[in-house]
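Here are a few exercises to work through with the structure open beside you. Try each one before you read its solution.

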Amino acid sequence: MEVSGIKVRVAEGEFWTSKQRDGHSLHEISYRACFKPQLPHFFLEHLSRPGDWIYDPFSGRGTTAIESGLLSRNVITNDANPLSALLTIPRFFPPARDELHKRLEDIPLVPETEPDLDLSMFYDKKTFGEISAIRDYISERQKDGVYDELDGWVRMVATNRLTGHSPGFFSVYTLPPNQAVSPERQKIINEKLQQSPQYRDTHKILEKKSARLISDLKPGEKLRLSEIGRKGIFLTGDARTTPQIDDESVTITITSPPFLNIVQYSKDNWLRCWFNGIDGEKVAGSLTLTPTVSKWEEVMGSVFKELYRITKPEGHVAFEVGEVRKGSIKLDEHVIPLALSAGFECSLVLVQTQNFTKTAHIWGISNNSGGTNTNRIVLLQKN
Ligand SMILES: C[S@@+](CC[C@H](N)C(=O)[O-])C[C@H]1O[C@@H](n2cnc3c(N)ncnc32)[C@H](O)[C@@H]1O
């Protein structure tokens with residue numbers, strides 16, 4: 001294809017398979033608009049080596065970071081949403097099952113003070129008491145300066161189990177865990193489905209989900225991940241300004257940016273923010289939710305300049321752009337000129353095509369319109 005008078009090679013095919021089970025169990029934390037681990041895996045295998053530094057400026061649940069850690073690469077992550085680091089760091093330090101069991105026994109089942117929030121449309125009284133007690137426990141541990149990796153794990157798994165659509169979650173039936181609805185909306189769902197929240201044993205759920213997350217973990221991986229996690233740089237901030245990252249230190253950046261204003265990260269995450277004591281409004285203000293392509297380009301132009309600074313000579317950026325507004329906006333065509341003006345060369349656009357048999361999701365948006373899904377990845381190099 002030709003972009004701004006420059007010929008760009010396009011490679012199209014099924015470069016990795018879509019089977020969820022092909023990914024390591026440690027990835028199975030839901031996050032709106034996350035990509036599958038097969039995507040970073042592909043680029044890590046081809047364009048990096050063990051020990052290299054790998055970066056994701058829009059890290060989300062940390063898919064690039066976890067896959068990098070599993071492949072013995074060093075990691076740097078950044079995201080404007082503080083939930084990202086809370087969901088990522090603990091998975092570098094997965095606990096043994098008995099260790100977790102003991103820690104849960106230390107956590108009271110009733111909160112010290114009555115919670116000042118009505119979430120009765122999501123939880124029955126006892127369940128909400130347990131959730132609030134976990135929340136209080138975490139905040140006490142932080143205040144006392146004794147918060148450790150195991151607390152981080154409990155917090156991460158609990159955050160992931162807050163709401164969902166099966167008894168494996170703390171809540172009554174609701175939308176999937178990465179799209180919390182408002183209390184008013186939940187009341188309507190309850191009425192429609194004629195349901196009311198039932199008791200859920202939160203500690204049992206935490207143990208069960210933890211066991212699933214670590215089920216693929218091989219003995220050597222645990223040690224490797226913890227070594228990488230200790231060296232890792234986990235940033236919370238704007239991808240345009242990352243002075244903590246050294247010049248020319250990153251071998252490859254593998255990322256997918258926020259898209260125009262399609263996915264409302266902070267609105268979807270309000271309950272997760274409450275549980276973690278995060279000011280959701282403040283987070284909303286720091287996220288890039290640009291309604292127009294030109295505003296989006298302005299932000300991404302600065303991001304590419306920053307990526308150019310931190311990328312090693314001959315290093316790469318794999319920049320995943322989805323199909324926005326049913327393919328009417330081809331973001332790759334907007335990304336390439338921005339990257340070129342930051343100094344990068346565009347090696348190729350890789351189009352990953354997958355056949356699917358049931359409803360698939362890209363960027364959290366259902367795609368029932370055809371028999372294939374595509375990921376478009378702009379591959380850039382610094383020469
Ligand atoms: C498409 S998601 C990335 C998902 C990620 N690839 C994963 O697998 O979870 C985009 C992320 O960009 C973050 N974000 C939005 N604006 C940002 C900004 N200006 N700087 C840094 N992160 C930002 C959002 O919080 C969101 O987590």
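Buried means under 20% relative accessible area, exposed over 50%, and partly exposed in between, using a 1.4 Å probe and protein chains only. Helices are DSSP runs (H or I, at least four residues), numbered from the N terminus. This is a predicted model, where local features need pLDDT of at least 70, side-chain atom pairs count only at pLDDT 80 or more, and totals for chains, interfaces and linings use all residues. Residues are numbered from 1 along each chain as its sequence is written, and side-chain values use heavy atoms, with hydrogens and water left out.

**Exercise 1.** Check the length of helix α8 (residues 202-213).

Step one: the expected span is 1.5 Å times one less than the number of residues. Step two: α8 has 12 residues, so it should span 16 Å. Step three: its end C-alpha atoms are 16 Å apart, which agrees.

**Exercise 2.** Find which residues of α8 are buried, and what they pack against.

Start with the list: T202, H203, I205, L206, K209, S210, A211 and L213 are buried. Next, look for their neighbours (contact is heavy atoms within 4.5 Å): the buried residues of α8 pack against α4 (97-106), α5 (125-143) and α6 (149-161).

**Exercise 3.** Work out how α4 and α8 are oriented to each other.

First, take the numbers: the angle is about 160° and the axes are 11 Å apart. Angles over 145 degrees count as roughly antiparallel, under 35 as roughly parallel, 65 to 115 as roughly perpendicular and the rest as oblique. So α4 and α8 are roughly antiparallel. Finally, the contact itself: R97, L100, H101 and L104 of α4 meet H203, L206, E207, S210 and A211 of α8.

How values were computed: Helix = DSSP H or I, 4+ residues; strand = E, 2+ residues; numbered from the N terminus. Axes fitted to C-alpha atoms, helices over the stretch in contact; angles between N-to-C directions.
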